[in-house]
Amino acid sequence: MTVDGGALLVQTLKKAGTEVAFVLHGGHLDPIFQACLDQDLRLIDTRHEAAAGHAADAYARQTGRVGVAIATAGPGFTNILTAITQAYLDGSPMLVIAGAAPLRDAEKWPLQGGIDQVAMAKPVTKWAAQVTRTDQIPHMTAHALRTALSGRPGPVLLEVPIDVLFRRIDTCPIPEFAEIERPAPTQAAVDRALDLLADAERPIIVVGGGALFSGAADALRTFACRTGIPVFCNNKAYGLLPADDPRCGGGLSNLAVLRASGVAAPDVALFLGARFGMFTGGDRLVPQDCRLIQVDIDAREFGRLRPVDVAILADCRETLVALDATASQCPWPGWTEWASTVHGMSRWHEAAYAELPQNDEGPVHPYHAMREIMDCLDADTIVCADGGESSQWADLVAKARHPGQFMGHGYLGCLGIGMPFAMGAQIAHPDRRVVCIVGDGAAGLNVQEFDTMVRHDLPIVTVVLNNKAWGMCVHGQQSMYGSNRLVVTTLGEGRYDQVAEGFGCFSAYVERPGDVAAAMREALASNRPACINIITDLDAVFGVTPEAEASAKAAKAGKRDEIEMPYYDNLKDE
Ligand SMILES: Cc1ncc(C[n+]2csc(CCOP(=O)(O)OP(=O)(O)O)c2C)c(N)n1
């Protein structure tokens, strides 16, 4: 019996447990899609390859498994490169299978060929390679999948030229996938970490994507409950400790809020799979004199921006389990007051925005919109946030109770992720509601995906915060050059609701604050893909954190050894 390359590829994916692939058709890929039909591998076909890539990335973040995306040769590949790059920066395990022109037509200017896709992918993947023989497909696919998940997760590219895919060969064995035991810390490292924590007056735990991908939520909850140490999360790790847990400090920017309120800074920090960089405000949110225990699966993270007292090269979940096993044998200082200060501070915005109008004329304040929207959601709803300031308003108000319940921008800061992220999340969790919050600018980048949601019956509610502008850019230009110097940052009225309706979605157009909740409840009740277009107030500027202001001042004073945000203020005096 003979098989073609597509059948071998899909057999390998199935054997590895792949249940779904996010794709956009191209003739170069047909043997794969035919094999998916035969072997019952679910395909979600999107309207742009970037959306397929982002959806696969989101699926990986939701499930911890490799997200699979398939894009055609040439433009399909170049379109998905942004999604690959984002997965690379955020450490999300993704396999991208790219079509390619026939090997036999190398250097003959073939259709959708003539570019070195593998070379283009190399800087933004953990591994990128071309398959040159059909009988190598199972082995190479298995290697790609293992690589995406090994160590620090990330994207891989497997390029399969069309003649390699169509060729029929005698069938060949499909590799087995071994269960992998993950690296645990030594007892000596555990003891050193616990000694430091036990001596602390104001210890904190900071969790990031490494903790999410190691499935550390249960172990984190156990350890945090036992010791009483408050926990801060970067936005990939929201929900690893529920937002309403009395030890939860919320997002990392709340460390700046603490500092601005005059509360003494943490003196020992346990970092679990969270990198120092933009999201820690360079190294400032955790002061230099704070002792640091850092757990990471990638040794390159130790000492990146500041010295580490205890560096543990291990899996975050395994480390928490080991820490807790030893912690259970000794008494812990009571940090209840410290934890409750931290937790109380995490809801600072509720008081700061308490005075918003409830039933006035529009435009709607984005904080008000977010509060009304989030109040309509059940405890399991997944929120995907996209857009300059829109994503930050959503981040402020959303309350994650489970890992992956909030997905926002990562290190690429890539607009357009919201709707595809929501699709990946809805495929991963068909029984949960998924809501996408998106700025009107960002909405335009993947607006065609309303069609994908309708065709695949994904009842996602997309809420557009429509300030008729690239809001964050307007606010930047206003602060840098003045309100009479706006250029290429304003947009039109944009009836995103009508676009969605045209594709078959439920839709609503909201101009008044008092109408937000009713529209949201109707959209949820429709149980269909839906779009709510809310006209929001461009004058509402997302508050620059006190920490960012301090950073700008430090920059002006010539201390330029740190990452500084916001860039505009820092550059003014260049
Ligand atoms: C793909 C991409 N293009 C451009 C940018 C630069 N950028 C950052 S924020 C922003 C404005 C976003 O506007 P919108 O989505 O409407 O959200 P708002 O700030 O108004 O809430 C732009 C253009 C980016 N980050 N990503």
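Okay, hi everyone. Remember as we go that this is a predicted model. Let's start with the charged pairs. How many salt bridges does the structure hold? There are 23 of them, and I'll walk you through a few.

Take aspartate 451 and arginine 47 to begin with. They form a salt bridge, with their closest N and O atoms 2.9 Å apart. Where do the two partners sit? Aspartate 451 is in helix H19, residues 449-455, while arginine 47 is in the loop between strand E3 (42-45) and helix H3 (49-63).

Now look at glutamate 361 and arginine 512. Their side chains meet in a salt bridge too, at 3.3 Å from N to O. Glutamate 361 comes from the loop between helices H14 (348-352) and H15 (366-375), and arginine 512 from the loop between strand E19 (506-510) and helix H22 (516-526), so here we have a link across 151 residues. Glutamate 361 is exposed, with 54% relative accessible area, and arginine 512 counts as partly exposed at 29%.

One more pair: aspartate 245 and arginine 247 form a salt bridge at 3.0 Å, closest N to closest O. Both of these residues are buried.

The largest nonpolar core has 97 residues, and Ile437, Met520 and Ile534 have the most contacts inside it. If you click on isoleucine 437 and skip its neighbours within four places in sequence, its contacts include Met370, Ile373, Val383, Val463 and Leu465. There's also a second, separate core of 52 residues, and Ala128, Met407, Cys414 and Ala425 are among its members.

Last stop, helix H6, residues 137-149. Its 13 residues reach 19 Å from first C-alpha to last, close to the 18 Å expected. Which of its residues are buried? Among them are Ile137, Met140, Thr141, Ala144, Leu145 and Ala148. In an α-helix there are 3.6 residues a turn, so residues three or four places apart point the same way. The cover over the buried residues of H6 includes helix H1, strands E5, E6 and E7, and helix H7. Just after H6 comes glycine 151, with a positive phi of about 50°.

That's my tour, thanks!

Note on methods
Residues are numbered from 1 along each chain as its sequence is written. This is a predicted model: local features need pLDDT of at least 70, side-chain atom pairs count only at pLDDT 80 or more; totals for chains, interfaces and linings use all residues. Side-chain values use heavy atoms; hydrogens and water are left out. A salt bridge is a side-chain nitrogen of Lys or Arg within 4 Å of a carboxyl oxygen of Asp or Glu. Helices (H or I, at least four residues) and strands (E, at least two) are DSSP runs, numbered from the N terminus. Buried means under 20% relative accessible area, exposed over 50%, partly exposed in between (1.4 Å probe, protein chains only). A nonpolar core is a set of buried Ala, Val, Leu, Ile, Met, Phe, Trp, Tyr and Cys residues joined through side-chain atoms within 4.5 Å. Contact means heavy atoms within 4.5 Å. The expected span of a helix is 1.5 Å times one less than its number of residues.
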